[in-house]
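Here's a quick tour of a protein model, made for someone new to reading structures. Keep the picture open as you go and find each spot as it comes up.

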Amino acid sequence: MKVPEFLFPIVNPIMTLLLNSPLHGVMSGSILVLYFTGRRSGKAYSTPVRYFDDGESLVLVTGTDTGWWPNLVGGVDASIQLRGSRRSVRAQAFKPPAPEVAARVIQMLDAHPADAVYMDVEKDSAASRAAGKPVWDKASLDAATQKLVAVELRVR
């Protein structure tokens, strides 16, 4: 189920509160809070985001139309609230057509198949049935990677 865009201003503060509370375990297995400073404004920002751990970094995927990721282009120091604790990270955003975007989108979809609806990626039904797991439609995946940004977080 896709959460309507107009609800995010209500849902995000609730998620941030939950992820910073002792009840974080309900969501912290797949959602973290990213804290960063605005590049031009110097203002402190936070946003809850879905992540997956590839063993070397935490990876986030967001749309090019969201306003927060440009603050991370070129790499910046930031922090996250992850599984009940605050950690320092080095955050780096990759925008299309960087090769990191397509690879990270596939990894995110494999880790969280339900997010396909947010990325406008469809399953290849026949290939998925044959493989016994989701196989992503190449055309929709190619189109999606032009509208998505991959963010890598390296915990310090």
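Strands β3 and β4 pair with each other in the antiparallel sense, over two bridges. They make a hairpin, with four residues between the two strands. Keep in mind that you're looking at a predicted model.

**The hairpin and its strand β4**

- Look into the turn of the β3–β4 hairpin and you'll find glycine 55, which has a positive phi of about 95°.
- How many of the six residues of β4 are buried? Six of them are, so "buried" here means under 20% relative accessible area.
- In a regular strand, side chains alternate between the two faces of the sheet.
- In β4, both faces are covered: Leu58, Leu60 and Thr62 are buried on one side, and Val59, Val61 and Gly63 are buried on the other.

**The whole sheet**

- Zoom out and you'll see seven strands forming an open sheet, in the order β2-β1-β5-β6-β7-β4-β3, with antiparallel pairing.
- Which strands sit at the edges? They're β2 (44-50) and β3 (52-53), and each of them pairs on one side only.
- Over at the β2 end, β1 (residues 31-37) pairs with β2 in the antiparallel sense, over seven bridges.

**Glutamine 81**

- You'll find glutamine 81 in strand β5, which covers residues 76-82.
- Is glutamine 81 buried or exposed? It counts as buried because its relative accessible area is 9%, and the cut-off for buried is under 20%.
- The side chain of glutamine 81 makes a polar contact of 3.3 Å with the side chain of arginine 86.
- Skipping residues up to four places away in sequence, glutamine 81 touches Leu19, Asn20, Leu32, Val33, Tyr35 and Arg86.

**Valine 101**

- Now hop over to helix α2 (residues 99-111), where valine 101 is found.
- Valine 101 has a relative accessible area of 1%, so it's buried too.
- If you leave out neighbours within four places in sequence, valine 101 is in contact with Phe94, Lys95, Pro96, Thr145, Leu148 and Ala150.
- How far apart in space are valine 101 and aspartate 53? Their C-alpha atoms are 16 Å apart, while in sequence the two are 48 residues apart.

**The largest pocket**

- Rolling a probe the size of a water molecule over the atoms shows where empty space is left.
- The largest pocket holds about 1,100 Å³ of space.
- There are 32 residues lining the largest pocket, and Glu5, Phe8, Val61, Thr62 and Tyr118 lie nearest its centre.
- By type, the lining of the largest pocket splits into 19 nonpolar, six polar and seven charged residues.
- Each of α1 (8-19), β2, β4 (58-63) and α3 (116-119) supplies at least two residues of that lining.
- Which element gives the largest share of the lining? That's α1, with five residues.

How values were computed
Residues numbered from 1 in each chain as written. Predicted model: local features only at pLDDT ≥ 70, side-chain atom pairs only at ≥ 80, totals over all residues. Heavy atoms only, no water. Buried < 20%, exposed > 50% of the residue type's maximum accessible area, 1.4 Å probe, protein only. Contact = heavy atoms within 4.5 Å. Pairing = 2+ DSSP bridges. 1 Å grid on protein atoms, 1.4 Å probe; cavity = no way out; pocket = protein on both sides within 12 Å on 5 of 7 lines; lining within 4 Å. Points joined across faces, edges and corners; volume = space filled by probe spheres on them. Nonpolar A, V, L, I, M, F, W, Y, C, P; charged D, E, K, R; others polar. Polar contact = N/O pair within 3.5 Å; in protein donor to acceptor, adjacent residues only side chain to side chain.
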